[in-house]
Amino acid sequence: MQFARTLPKELVHRAAIAEVFLTDAERLSEDETLLAAQLPRLHPFYDDVLGPRTHHDPLLLLEACRQGIYVVAHRHLDVPLGHRFLLRTVEFEVPDPAALVPGDSPTEAVIGVRVEHRIRSRSGVTGLRLRFTVAIGTRQALLARIEYSWMPAQDWTRLRAGQRDALGLSEPPVALPGPRVDPALVGRRNQANVVVSAPYTSQEGVTTARLVAETSHPTLYDHWVDHVPGMVELEAFRQLALTAAVAAGTVRTPTALPVGLSVRFRRFAEMDLPLECRAAPVLPGADIECTLHQPGALVAEARVRLAERTAAGLTGVLAGRGAAR
């Protein structure tokens with residue numbers, strides 16, 4: 001595996017070369033692929049953290065895996081580059097938090113990918129469920145699973161036009177503006193990296209905030225899409241879970257890391273409809289249950305597990321709870 005140059009940006013559906021983390025890909029068998037990734041030493045989004053940067057953000061490693069879904073589809077299944085892709089489910093867990101500690105040189109990761117399931121239609125394979133094992137040195141840093149599908153661009157255009165017309169939405173979509181919470185409350189320094197409004201908690205303990213989409217964000221909206229990207233939804237779940245956990249006293253600071261996450265995407269998140277993110281009452285030692293809603297519909301649902309950053313490493317990791325094993 002080589003780490004000298006990145007893969008072509010169009011292969012991993014990125015517009016900016018700086019946002020390409022994969023450097024190599026090798027097909028080992030019909031169902032197995034090996035990927036190489038070099039993680040940035042200081043990324044303006046993933047490394048924007050209030051306090052010492054003691055660990056790589058697991059969502060950075062997940063993004064490297066997400067880029068891998070396109071490599072497998074385009075290079076190994078000959079899916080045309082013009083096809084459009086849709087995330088269905090995303091899961092990950094961190095089996096060895098010490099693997100996330102950065103060193104003095106850029107972190108190089110090797111990612112094993114296995115096809116677990118092929119989604120088929122009359123036209124052939126139209127989606128996959130992939131399992132990822134991310135190794136940094138001899139340690140397992142992340143175990144993940146992503147299920148996704150694809151379709152020709154013309155089918156996507158018809159699908160989205162019909163969906164938006166049924167909702168009474170115009171073309172092109174324009175993201176709803178809205179104030180965002182103080183970045184310190186979600187463990188960030190930069191206001192631009194905040195994706196939720198100020199949360200409020202009901203008497204029943206449900207924490208609610210609005211997802212605020214900023215389509216000029218250079219990482220979260222690396223290129224234009226006609227809906228809220230799945231990785232933005234994941235970040236909204238993370239930020240809401242952090243505020244809810246701090247308010248409930250289950251973590252002390254909003255710099256805790258997500259060490260386990262499971263998300264199912266139910267429908268497109270329309271950026272020009274209000275998107276309400278809710279966290280169920282937080283219980284000590286339990287995953288935080290979150291949902292995302294737009295008027296009349298459940299958009300996505302998630303479970304988030306957090307671990308506190310300390311001088312000794314990450315604490316509060318619930319071993320064996322992840323679905324990605």
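**Pocket, strands and charged pairs**

Colleague: How many nonpolar, polar and charged residues does the lining of the largest pocket have?

Modeller: In this predicted model, the lining of the largest pocket has 19 nonpolar residues, together with 7 polar and 10 charged ones. Gly counts as polar in this classification.

Colleague: How much space lies in the largest pocket, and which residues are closest to its centre?

Modeller: The space in the largest pocket is about 670 Å³. Of the 36 residues that line the largest pocket, Tyr 70, Phe 85, His 227, Pro 229 and Gly 230 are the closest to its centre. Helix H1 (58-76), strand E3 (84-93), strand E6 (139-151) and helix H3 (230-248) each contribute at least two residues to the lining, and the largest share, 5 residues, comes from E3.

Colleague: Why is Cys 277 in no disulfide?

Modeller: The nearest cysteine sulfur, that of Cys 290, is 5.6 Å away from the sulfur of Cys 277, whereas a disulfide calls for a pair of sulfur atoms within 2.5 Å, and therefore the two are too far apart for a bond. A search of the whole structure finds 0 disulfides.

Colleague: What makes Cys 277 and Cys 290 count as buried?

Modeller: The relative accessible area is 1% for Cys 277 and 2% for Cys 290; since buried means under 20%, both residues are called buried.

Colleague: Why is the pair of Glu 116 and Arg 129 called a salt bridge?

Modeller: The N to O distance between their side chains is 3.2 Å, and the limit is 4 Å, so the pair qualifies as a salt bridge. Glu 116 lies in strand E4 (residues 107-121) and Arg 129 in strand E5 (residues 124-136), which means that the pair ties together parts that are 13 residues apart in sequence. Glu 116, at 31% relative accessibility, and Arg 129, with a relative accessible area of 25%, are both partly exposed, because that class lies between 20% and 50%.

Colleague: With which residue does Arg 164 form a salt bridge with closest N and O atoms 3.1 Å apart, and is Arg 164 buried or exposed?

Modeller: That partner is Glu 171. Arg 164 has a relative accessible area of 1%, so it is buried, whereas Glu 171, at 52% relative accessibility, counts as exposed, because exposed means over 50%.

Colleague: Which residues are linked with Arg 164 in a network of salt bridges?

Modeller: Besides Arg 164, the network links Arg 160, Glu 171, Asp 226, Glu 270 and Asp 272. A search of the whole structure finds 26 salt bridges.

How values were computed. Residues numbered from 1 in each chain as written. Predicted model: local features only at pLDDT ≥ 70, side-chain atom pairs only at ≥ 80, totals over all residues. Heavy atoms only, no water. Buried < 20%, exposed > 50% of the residue type's maximum accessible area, 1.4 Å probe, protein only. 1 Å grid on protein atoms, 1.4 Å probe; cavity = no way out; pocket = protein on both sides within 12 Å on 5 of 7 lines; lining within 4 Å. Points joined across faces, edges and corners; volume = space filled by probe spheres on them. Helix = DSSP H or I, 4+ residues; strand = E, 2+ residues; numbered from the N terminus.
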